Amino acid sequence: MIIQMWKEKVESLAQKWDSPSRFFRYGLYSFCCLMLSFLVICPCLSYAQEDNFIGGPCSYLVTNGIGTIQSITEDTSGANLPYTAQKVLFTFATHANIPTLAGNIQNEKHLFTLTNGMLPGPQFLTRYNIQPGATFPVQLKTITHGTCTPVILEFSTINQSDYFEFSSQQIR
């Protein structure tokens, strides 16, 4: 009796599963899920192919001038660097007209940093002959288009991305 009931249930389920309406419902459901996933993925793929990046592209107005090193002192802030950081202050001067965005840049002292924002070390200062009173060509870059850094002072003859002191010594 139990076997007969079991056999009837299995045959009943098999008939329902094999019916065309059940196949159509699950097939339609699968098709809709597939189409929905394409609708979500395709716009993402087209967005990823565009050359969109934050901050750029940017254009700058370049004004040439002279940077004069005012002072060099050891930085005592305790930064974990493989060298003793040096705080280098300089002034910028030019005879050209300075854009309004740059403000009162000629009457201020500016902190010299490496490209990554860190202070240079003593070997860097020696390599580039940076000492109080030394002068270097400097470009004042004032943004004209884009959302990058609005005002940049860039030393033309000093490679501010020269991180040789990081590779020449072990980090403390």
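## Aromatic cluster

Ring pairs join Phe 90, Phe 112, Phe 124, Tyr 128, Phe 136 and Phe 155 into a cluster. Two rings of Phe, Tyr or Trp (for Trp, its six-membered ring) count as a pair if their centres lie within 6.5 Å. By this rule, the count in the structure is 7 aromatic pairs.

One of these pairs is formed by Phe 112 and Phe 124, whose ring centres are 6.0 Å apart and whose planes are 40 degrees apart, a tilted arrangement. Pairs are stacked when the planes are under 30 degrees apart, edge-to-face when they are over 60 degrees apart, and tilted otherwise. The pair links distant parts of the chain, since Phe 112 belongs to strand E3 (residues 110–112) and Phe 124 to helix H3 (residues 122–127), 12 residues apart. Helices (H or I, at least four residues) and strands (E, at least two) are DSSP runs, numbered from the N terminus. Phe 112 is buried, with a relative accessible area of 1%, and Phe 124 is also buried, at 1%. Buried denotes a relative accessible area under 20%, exposed one over 50%, and partly exposed a value in between (1.4 Å probe, protein chains only).

## Basis of the model

The model is predicted: local features need pLDDT of at least 70, side-chain atom pairs count only at pLDDT 80 or more, and totals for chains, interfaces and linings use all residues. Residues are numbered from 1 along each chain as its sequence is written, and side-chain values use heavy atoms, with hydrogens and water left out.

## Further ring contacts

Tyr 163 and Phe 166 have ring centres 6.0 Å apart and planes at 65 degrees, so this pair is edge-to-face. Tyr 163 is partly exposed at 28% relative accessibility, and Phe 166 is partly exposed at 26%.

A charged side chain also meets a ring: Arg 127 lies over the face of Phe 164, 3.7 Å from the ring centre. A charge sits over a ring if NZ of Lys or CZ of Arg is within 6 Å of the ring centre and within 35 degrees of the ring normal.

## The disulfide

The whole structure contains 1 disulfide, a term for a pair of cysteine sulfur atoms within 2.5 Å. It joins Cys 58 to Cys 148, with an S to S distance of 2.1 Å. Cys 58 lies in the loop between helix H2 (20–49) and strand E1 (59–74), and Cys 148 in the loop between strand E4 (135–145) and strand E5 (151–155), so the bond ties together parts that are 90 residues apart in sequence.

The torsion about the S-S bond of Cys 58 and Cys 148 is about 85 degrees, and the disulfide is therefore right-handed. Cys 58 is partly exposed at 23% relative accessible area, as is Cys 148 at 30%.
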